[in-house]
Amino acid sequence: APARRLGPRPGRCCVPRPLSAPLPLAEAMGFGEILVAGQKVDVCNGDSWQRIRHRDDVSDDFLADPASIGAFKSGGGKGGDLMAFSKCGQYIIKELNKGDHEALLSVTESYVQRVLSGKSLLVTLYLHYLELGSGRFFMVMRNLLRHPGPYIGLYDLKGCADDKTLERHGRKIKVVNKRVWHVHMWCGDCAWSPDRVVYHAGKVAARELSITVTDKQRNAIMERLRSDTAWLAQQNLMDYSLLLAMRKMSREEFDRDPTATWARRGGPSELRQPLLHVGEGDEAMLVYIGIIDFLQKWTTGKQIAMCLKVLERNKATIPPHPYAERFFDHFSRNIQGGAQPLDALAQDAAASRPSEKMMNFYSCVSFEDEALKLGVETPKASRSSTQWWSCFSGICGR
């Protein structure tokens with residue numbers, strides 16, 4: 001479906017700016033002041049972000065209320081940047097380090113044009129601003145996950161050794177990295193903690209994950225994925241991830257859910273999310289998919305990091321064009337068609353029984369192997385009880 005045409009609205013931001021080239025950094029700053037959580041902030045490229053907000057019917061004062069934003073916590077990334085959810089759960093506010101802030105300034109105009117085309121998997125951003133009191137920069141993005149958990153699976157995927165499982169069957173997985181200074185972790189898995197065992201098992205499962213959608217959904221996903229990865233490489237960006245979430249919903253719950261109903265009314269080429277297909281029996285399967293964390297520029301520091309990680313296989317730190325090619329190739333193999341469109345629920349019961357291929361969508365390993373990894377007792381596999389932790393990782397948890 002064509003992107004909705006946007007009309008100007010009254011106010012200082014309504015004068016359109018050509019989307020042909022990025023602004024100089026100095027000119028992009030200091031667009032104007034608005035309120036975020038009751039505080040005045042300086043907006044970067046304000047008219048550009050307003051165009052996306054107007055397309056999505058998001059008002060300019062959507063975060064003005066002092067009580068609109070929850071507490072900031074660590075985002076779980078390597079940089080330790082802070083992030084928070086809006087109280088309504090629709091938006092995520094994330095602190096930007098200097099590199100991410102400058103990267104966003106440099107790609108804003110091109111990014112806005114791409115998102116307004118309606119043919120992108122990049123997560124939607126609504127605002128980029130400077131907090132006057134602290135001098136820190138933030139961005140505001142839409143929460144891709146419009147339905148809360150529990151999720152059958154929640155994954156941060158890069159198509160390399162950095163893939164990880166964030167949640168499995170409603171259980172959030174604590175991140176336990178094997179850093180170089182954790183000497184004991186390099187002595188074999190016998191020295192690993194239970195949390196490390198579960199986290200590593202989740203990484204292996206994420207790398208082997210097969211994602212099933214309908215044939216038309218796959219075609220639309222791959223078209224956007226090819227275009228997005230080409231754009232990211234052109235902008236000298238790398239180290240981004242594909243956020244994937246899967247959730248099942250009963251037919252009764254589905255019929256009452258306005259978001260699911262809205263998604264079902266969209267055409268296949270529009271790719272409204274959540275993506276829908278037939279699950280087990282009379283259940284609907286909801287799939288969320290989008291590209292996140294795409295503000296990492298290929299810098300001298302990244303080149304040095306690539307050299308230091310020379311012994312790592314299939315690492316994330318590689319130049320933008322090889323990264324884009326690997327990313328697309330991985331998901332062109334691992335995203336499969338064949339799922340039944342949701343309209344098939346109206347047919348006879350036999351048509352809605354899951355196939356073996358659809359079952360692989362839920363679990364990429366056997367039930368007993370998965371139970372062993374997750375510390376769940378079964379007649380054939382058991383492990384001492386594992387303590388589960390709630391994590392605030394990436395943009396995925398609440």
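Visitor: How many disulfides does the structure hold?
Guide: This is a predicted model, where local features need pLDDT of at least 70, side-chain atom pairs count only at pLDDT 80 or more, and totals for chains, interfaces and linings use all residues. Residues are numbered from 1 along each chain as its sequence is written, and side-chain values use heavy atoms, without hydrogens and water. A disulfide is a pair of cysteine sulfur atoms within 2.5 Å. The number of disulfides in the structure is zero.

Visitor: Is Cys160 buried or exposed?
Guide: Buried means under 20% relative accessible area, exposed over 50%, partly exposed in between (1.4 Å probe, protein chains only). Cys88 has 47% relative accessibility, so Cys88 counts as partly exposed. Cys160 has 0%, so Cys160 counts as buried.

Visitor: How is H3 oriented to H5?
Guide: Helices are DSSP runs (H or I, at least four residues), numbered from the N terminus. H3 (residues 98-116) and H5 (residues 215-234) pack at about 170°, with axes 12 Å apart; axes are lines fitted to C-alpha atoms over the stretch in contact, and angles run from 0 to 180 degrees between N-to-C directions. Angles over 145 degrees count as roughly antiparallel. Therefore H3 is to H5 roughly antiparallel.

Visitor: Which residues in H5 meet H3?
Guide: Contact means heavy atoms within 4.5 Å. On the H3 side stand Val107, Ser110, Tyr111 and Arg114. Their partners in H5 are Ser227, Asp228 and Trp231.

Visitor: What share of the 398 residues is buried?
Guide: The cut-off is again under 20% relative accessible area. Across the protein's 398 residues, the buried share is 50%.

How values were computed. Helices (H or I, at least four residues) and strands (E, at least two) are DSSP runs, numbered from the N terminus. Angles under 35 degrees count as roughly parallel, over 145 as roughly antiparallel, 65 to 115 as roughly perpendicular and the rest as oblique.
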